[in-house]
Amino acid sequence: MSRAFVALGSNLKDPQAQVSSALTALNTLPETQVVRPSSLYRTAPVGYDNQPDFINAVAEVNTTLTPIALLRALLALENQYGRERPFPNAPRVLDLDLLLYEDVQMQTTELTLPHPRMHERGFVMLPLAEITPELRIGQYGTASELAKACGDQGVIKVKAEG
């Protein structure tokens, strides 16, 4: 089994329910099981401001899927939830991002690992630091250190999972 981390987000159709449901749905992916989900966090939108706040979380999963196969399974799950992509940073029912997969480093047209901007985003780093504070994020530091650096981004814990 390989260890991977998935970011979840929603700001449409009862976002707390969408993210909680998606955390459960991750267990339905082939050869994949949620090991540890974070709490839910409320976050102001980034990039396109004229939309509702997001609910975000991060889940640690074990999987035997390859990184690309896991990404494709995550995209299929987004589609099951009705994800549309009308423009960058648009509101969404569900957004699933593969953040890390073991120590894999790759950059293809389909997938970049580690996720290229995760270390800058409080809505990723705070939930990640909650479930695995000592996890190293490339040359940037530990999840805990990076979460502290993102502390001014207005990310607020709203609900504990698990």
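The model is predicted, so local features need pLDDT of at least 70 and side-chain atom pairs count only at pLDDT 80 or more, while totals for chains, interfaces and linings use all residues. Residues are numbered from 1 along each chain as its sequence is written, and side-chain values use heavy atoms, with hydrogens and water left out.

**How the terms work**

- Pockets and cavities come from a 1 Å grid over the protein atoms alone: a cavity is a set of points where a 1.4 Å probe fits but cannot get out, a pocket is an open set with protein on both sides within 12 Å along at least five of seven lines, and lining residues have an atom within 4 Å of a point.
- Grid points are joined across faces, edges and corners, and a volume is the space filled by probe spheres set on the points.
- Helices (H or I, at least four residues) and strands (E, at least two) are DSSP runs, numbered from the N terminus.
- Buried means under 20% relative accessible area, exposed over 50%, and partly exposed in between (1.4 Å probe, protein chains only).

**Largest pocket**

- Of the 38 residues lining the largest pocket, Arg92, Asp95, Asp97, Arg117 and Arg121 are the closest to its centre.
- Strand S1 (2-10), strand S4 (54-63), H2, S5 and H3 each supply at least two residues of this lining, and S5 has the largest share, with four.
- Its lining splits into 17 nonpolar, ten polar and eleven charged residues; here Ala, Val, Leu, Ile, Met, Phe, Trp, Tyr, Cys and Pro count as nonpolar, Asp, Glu, Lys and Arg as charged, and the others, Gly among them, as polar.

**Second largest pocket**

- The second largest pocket is lined by 21 residues, with Leu100, Glu102, Pro114, Arg136 and Gly138 nearest its centre.
- S1, S5 and strand S8 (136-137) are the elements giving two or more residues to this lining, and S5 gives the most, with three.
- By class, the second largest pocket's lining has twelve nonpolar, five polar and four charged residues.

**Cavity**

- The count comes to one cavity of 30 Å³ or more, and the largest cavity has a volume of about 30 Å³.
- Asp97, Leu99, His115, Met118, Arg121, Phe123 and Val124 line the largest cavity; strand S5 (95-101) and helix H3 (122-131) are the elements that give two or more of its lining residues.
- That cavity lining has four nonpolar, one polar and two charged residues.

- At 1.5 Å a residue, the 14 residues of helix H2 (residues 67-80) should span 20 Å, and the end C-alpha atoms are 20 Å apart, which agrees; the expected span is 1.5 Å times one less than the number of residues.
- Buried residues of H2 include Leu70, Leu71, Leu74 and Leu77.
- Just after H2, Gly82 takes a positive phi of about 90°.
- Eight of the ten residues of H3 are buried, so H3 is largely enclosed by the rest of the structure; Phe123 and Val124 are among them.

**Residues worth a look**

- Arg83 sits in the loop between H2 and S5 and counts as buried at 13% relative accessibility.
- The side chains of Arg83 and Asp95 are joined by a polar contact of 2.9 Å (a pair of N or O atoms within 3.5 Å; within protein, one must be able to donate a hydrogen and the other to accept it, and residues adjacent in sequence count only if both atoms are side-chain atoms).
- Gln18, in helix H1 (residues 15-25), is buried, with a relative accessible area of 14%.

- Most residues other than glycine have a negative phi, and most peptide bonds are trans.
- A cis peptide bond, with omega about -10°, joins Leu113 and Pro114; Pro114 lies in the loop between strand S7 (112-113) and H3.
- Asp14 has a positive phi of about 60° although it is not a glycine, and lies in the loop between S1 and H1.
- Glu102, also not a glycine, has a positive phi of about 50°; Glu102 lies in the loop between S5 and strand S6 (106-107) and is partly exposed at 40% relative accessibility.
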